[in-house]
Amino acid sequence: MALSGMRGLSVFISDVRNCQNKEQERLRVDKELANIRTKFKHEKGLTPYEKKKYVWKMLYIYMLGYDVDFGHMETVALISAPKYAEKQVGNVGGKEFSESLAPDVQKLLISSSCRPLVRKKAALCLLRLYRKNADVVNVEGWSDRMAQLLDERDIGVLTAVMSLLVSLVANNPDGYWNCVSKCVKIIERLTRSQDIPQEYTYYGIPSPWLQVKTMRVLQYFPSIEDPNIRKSLFEVLQRILMGTDVVKNVNKNNASHAVLFEALSLVMHLDAEKDMMSQCVALLGKFIAVREPNIRYLGLENMTRMLLVADVQESIKRHQAQIITSLKDPDISIRRRSLDLLYGMCDVTNAKDIVEELLQYLTTADFAIREELALKAAILAEKFAPDLSWYVDVILQLIEKAGDFVSDDIWYRVVQFVTNNEDLQAYAAATARDYLDKPAVHETMVKVAGYLLGEYSHLLARRPGCSPREIFPIIHDKFPNVATSTKALLLSAYIKILMHSQPGDPELQKQVLSVFKKYETYLDAEVQQRAIEYFVLSQKGPSMVDIMAEMPKFPERQSALLKKAEDTDGDAAELSATKLRLQQQTSNAVVVVNQHSANGTSHPAPLSSVSSGTRNIDRGFLEQSQVGPQHNDVPVKAAGMVQSLTADLLGDLLAPLAIEAAPASVAATPTTAILPLEEPPVGPADPLALAVLDGNSSSVQPVGSTSDWFNALCKKDSGVLYEDPFIQIGIKGEWRGPQGRVVIFLGNKHTVALTSVRAIVLPPSHLRMQLPPVPELIPPRAQVQCPLDVLSLHASREVPVLDFSYNNSAVTVGSKLRLPVVMSKFLQPAPISSADFVAIWRSLAGPPNKLQEVVRGVNPMLISEMTELFNMFHICVSPGLDPNPNNIVAATTFFSESGATLCLVRVETDPADRTQLRLTVASTDASTTFELKEYIKEQLVDISSITANPATLGFTGPAAALAGLL
Amino acid sequence: MINAVLVMNTQGKPRLTKFYKQVPVEKQQEIIRAIYAVLSSRGENYCNFADASNISGSDNKLVYKHFATLYFIFVVDGAESELAILDLIQVFVETLDRIFKNVCELDIVYNFNKVHTVLDEIVMGGQVVETNSADVMKAVQDIFKLERAV
C-alpha cells in the first residue's frame, strides 16, 4: 500500500478513521479546520507544499460532508502557481474572463505544435467556456476549423474534440453540416480498425468511446440527405449490426454492445428502410432474451424507443411473451423498462393480455412501482377495452388488489362510464355486490360499490339475494369501519335504495330510518346534515322519488386519468411511453373525447330561475352545505351547473351527492334557497379607503391597526379582525379547495347592549358569498356567530369587504373592513418532485401562461425567511430543487369552482442586492398566473406591515379570546 | 454529460466524491445517501444501471460497478451511453490498479488525492478527456514527479 507522500494528510486521515463515533469525528475535523484557518491567517510564508497539504485536507473534510467555508483564495492561489497551470484553467469562470480567454484556448487547440495532452484539454476547456457563454465560439469561422480538427489522427484529441462537437451541434446543427461527412469517415476508420494504435483498442474494439460519441453527434443532425454519405454510413451501420456477438468476456461485451446500441439508435434516427428496421427489431428481440442483464435492459429500452418508428409495432408484438417475462425480473430497473414497453405497445389486439398480466403482477409488485402500475393498467383498460364490462371488471379487480394505490380519479371514471352506458348498469351493480361479499374489502371498493348499488341496485331487485332488503345490510355491514366521507356517501346510497324499492318495504324503511336517526347527532357536520335531511325526505313518501332519481348522464370529457398521466409523467425523455400513448390519435377510446372550446364558459351562470321543467337539461344539485338552519323547507337548492372548462371529474363527484331537482318541488316552494348570486349592492370600495372610519364615529377608535389585523389574518385562519372599546370582531376560517366557511364572531365587550347591529358582506366578482342576516342586538358581554360560505370562482387579488355598524347607546359606530379572503386561502401546497417540476415548467413556455417580472423595492429578507413566508401562503417551497441556493422554486394548487390549477413559482434573488428579485410564475391558466404573480409581488413588497405586528400573531382564535371576556 | 463521479464502499462511506456541477454540500450528502440506498438494495446479477431521476434530476441515471468492497458510480444524464460509461469505469479502475499495484480500498482512502488526479485525467468538467489507460498513467506519473520536485 503506497502512502500519499504527505505525512500530515495521512495522519489526519488515520485520526478521522480511528474516531469511534460521529461526535469524535466532528471534534477532530473542527480542530483541523481551526488549525488550517490559523495557518492561513497568520503564517504568511507557507510553502507551496504546506498550502497544497492543507487544501487536500480541506477537500477530504468536504467529502465527509462538512461545510468548508474558507480557503477559496488559497485554492485559487494554488491554481495560479506555476505548476501545470493550463489544465486548471477550465475550473475558473466568469463571462469577461471567458471572452478574453477563448481566443487563446482556440489557438492552443488548433496549433499543431502543441502536445496532444494540452490540445485535448484545450478542447474541453473551450467546451466549458462555451457552456458559460455561447458567444465565445463564432459559428461561421469555427465550423471550418472544427472540420479540420476532425482530420486529427490522435484518438485522444479526437475524443475531446468530439465532446466539444456534441455540444456545438446540439445547440446549432445547421452550422456544422460540413462535419457530417468527416464524422462518417471517422466511424469508417474505427470500424475498419485502420490506423488505430494498440493502446486505443479496448478489449479488441477500436476506441468504443469515440465510436459512440461520433454516432451521438450524427443523431443531433435532423437528417442526413446526401445520398453518398447516407450510403456509406448505412454500410458501416450494417456492418456493426451484423458483426456483433455476445461473448464471454463481460468487458468486451459491454464495449461492443455500447457501439451496437448506439448504431441502433442512429438507424432509428435516420429513418432507415423497412428491412433494416426489422433487422433491428430482430436484434433487439434477441437481446431482451439474453442472460446478461445490461443488454436485456438496453434491449427493452431501445425497443420502447423503437415504438416511435412507424411500422414496427407488429414485429415488436411478436416478442410480447418475452417482454412479459421481463416484468417478473428480480431487477427493478429491468421491470421498469419492461412496464414502459408493455404500456407503449399495448393496443386493442393485445390489451386484454397485457392488462391481465399487469393485474397479476400488481399483487407481487414492490411498492415503488405499484401506483404507476395501477394507473397504467387503468389507462390501458380505458383506452383499449374490447368491451365495457371488461373495463368494469378490470377496474374493480384493480381496486381489490391494490386499493391503496388506486386514486379517486380511477373510480370516478368507472362511475362516469357506468352512468353513461345504460347496458352496463345492472352488470356493474351486480359485480360490485359480489365484491362486497368478500372478507376484506378495501374502502375504495366500499365507495364505488356503495355508489353503484345506490344508483342501480333496483335493476337487480328480481335476482336472488339482490332485493333492497338484502342489499342494504351488505353495505351497512361496512359502515362502522369507513371514514366519514365514505359514511356520507353511503347515507346517500341508503336513501336511494330506500326510494327505489318498489313497492315500499316497511321493514327496510325501518332499518334505514333508524340509521338516519342514529347519525342525526354524529360529530361530523356533513354526515349529520345528510342524516337529518334524508330522514325528513324519506318521510315525504313516494312524492320524493323524483328527487332521488338516478344521476343524469355526465357530459363526455377527456379522461381525468389521461390528464393525470400527462401531469405525473415528468420524465424529460421525449420518448416516454405515456406521452407516446397520448400522442396517438388512433385509439378506439371507449368514450369519445369531446374537449370543449378553450373559451367555453367557465363560470357557473347564476341560476335565477329553474325555468325548464325537463329533466336532464337543468342539472340540479343538492347543495346541503349552503342550506342554512333558517330554512325549514325542503333543503333542495338548485344551482346552475355549466360544464366546467377543465372538466374536472372530481368536482362533480365530490359535490354532495348530486340529485336532480324536481321542478315540481321548486315551483311549490318558491321561498327555498334558490339563491341567485346577488350583485353586490356596492362594488368593493377602494381598498385604501377601507380602514377609514365613518365620520360620525370618530369618538370610537379601534384599539389597534386594522391593516395589521388584516395582514395577520391573511397568513392564518383565525384571529381578530377588528376591535374597539365596545366590540371585538373575530374570524375563524376553514378552507377546502375552492370552498370556505368563515365564521364571523361579533363580541360585545361592553356592559350595555349594542343595538342596530348591521353587517353586510360586499363580495368582489370572483367570489360567491352570502352572509345570513345578523341579529340586530348583541346583549352585554355576549357573542354572536355568523357563518359565511365562500366559493371561489376564479383567481383575483380583490378581497370582500365587511360593512358593519352598531349603536352603543350613545353613538353609531361603523367601519368597512377588508375580509381576509385572499388568494392564498384557495391555495394548497403542492409538493412536487423535481422531475415533474422541470417537465411542467418546460411545457409552460412564455406568456401568458408563464410570466416573469423583475420586482424592485422588495423588503430585504433571507432565503429562509422568504421560504417561511411562502409556506405560510400555502405555496410549497421545494428546497434543493433549484441548484442555486439563492433561488426558490415552489408549487401550489389554486382551487376555483372550475377546478384545480397547478401553479409553479420561481424566485431568483440576488445575494448582493436583496431589494430586487426576479419572479416567474407559471400555470395552465393565464389569468391565474397573472393574479398569483401580482399577489406574490404584493406580499414581497409589503412585508413590513406583516412582520411588524407580533402581538396579533400569538393570538389563538377569537372564540377563546372572547370567551375569556365573558 | 457526467454529473458526478463517486466511489463509496459497501457500507455507504464515500471514498471519493466529484461533482461536475455546483451542488451544495448538504445536497451532496443527500445524493450520496440516496444512491447508497438504491445500490445496497440491488443484487449481484442485476444490471449496472439504475434510475436516478428522483435523486439528482430528471433523466439522470446511475451507471455503477461493484468491485470487492467498493462501488464506482457515475451519475450521467441522457446524453451518455450507459455501456460506454461502464467501459470508462473499467478504464478508471484498471488505471488505479496499475498505479497502486492491486488497488484496495485503503489505497483509495489514504491516497484520495492521487485518485483525484487520476480521475481528472480521465474526466474533466463532466466530459471524457482520455480513455487510454497508458496515456492516463503517463500524465499522472508526470504530475507526481512534478509534485515531488517542488
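**Helices of chain A: questions and answers**

User: How many of the 17 residues of α7(A) are buried?
Analyst: Happy to start there, and do keep in mind that this is a predicted model. Helix α7(A) is mostly covered. Its buried residues include Val118(A), Leu124(A), Cys125(A) and Tyr130(A). The count of buried residues in α7(A) is 12 of 17.

User: What distance should the 17 residues of α7(A) span, and how far apart are its end C-alpha atoms?
Analyst: Helix α7 runs over residues 116-132 of chain A. At 1.5 Å a residue, its 17 residues should span 24 Å, which agrees with the end C-alpha atoms being apart by 24 Å.

User: Are α19(A) and α20(A) roughly parallel or roughly antiparallel to each other?
Analyst: Their axes come within 10 Å and cross at roughly 155°. Residues making the contact include Ile354(A) and Leu358(A) of α19(A), and Leu373(A) and Ala377(A) of α20(A). Angles over 145 degrees count as roughly antiparallel. The two helices α19(A) and α20(A) are therefore roughly antiparallel.

User: Is the crossing of α19(A) and α20(A) left-handed or right-handed?
Analyst: These are the helices of residues 351-362 and residues 367-384. Their crossing is left-handed.

User: Is α18(A) roughly parallel or roughly antiparallel to α20(A)?
Analyst: Helix α18(A) packs with α20(A) at an angle of about 10°, with the axes 11 Å apart. Among the residues in contact are Leu339(A) and Tyr343(A) of α18(A), and Ile369(A) and Leu373(A) of α20(A). Angles under 35 degrees count as roughly parallel, so α18(A) and α20(A) are roughly parallel.

User: Which helices do the buried residues of α28(A) pack against?
Analyst: Helix α28(A) has 15 residues and reaches 21 Å from its first C-alpha to its last, close to the 21 Å expected. Val527(A), Tyr534(A), Phe535(A) and Leu537(A) are among its buried residues. The buried residues of α28(A) pack against α26 (484-500) and α27 (506-518) of chain A.

User: At the start of α28(A), which residue's backbone nitrogen does a side-chain oxygen of Asp524(A) reach?
Analyst: Helix α28 covers residues 525-539. The side-chain oxygen of Asp524(A) comes to within 3.1 Å of the backbone nitrogen of Glu526(A).

Notes: Residues are numbered from 1 along each chain as its sequence is written. Chains are lettered from A and ligands numbered from 1 in the order in which they are written. This is a predicted model: local features need pLDDT of at least 70, side-chain atom pairs count only at pLDDT 80 or more; totals for chains, interfaces and linings use all residues. Side-chain values use heavy atoms; hydrogens and water are left out. Helices (H or I, at least four residues) and strands (E, at least two) are DSSP runs, numbered from the N terminus. The expected span of a helix is 1.5 Å times one less than its number of residues. Buried means under 20% relative accessible area, exposed over 50%, partly exposed in between (1.4 Å probe, protein chains only). Contact means heavy atoms within 4.5 Å. A polar contact is a pair of N or O atoms within 3.5 Å; within protein, one must be able to donate a hydrogen and the other to accept it, and residues adjacent in sequence count only if both atoms are side-chain atoms. Axes are lines fitted to C-alpha atoms, for helices over the stretch in contact, and angles run from 0 to 180 degrees between N-to-C directions. Angles under 35 degrees count as roughly parallel, over 145 as roughly antiparallel, 65 to 115 as roughly perpendicular and the rest as oblique. A crossing is left-handed if the near helix is turned anticlockwise from the far one by less than a right angle, and right-handed if clockwise.
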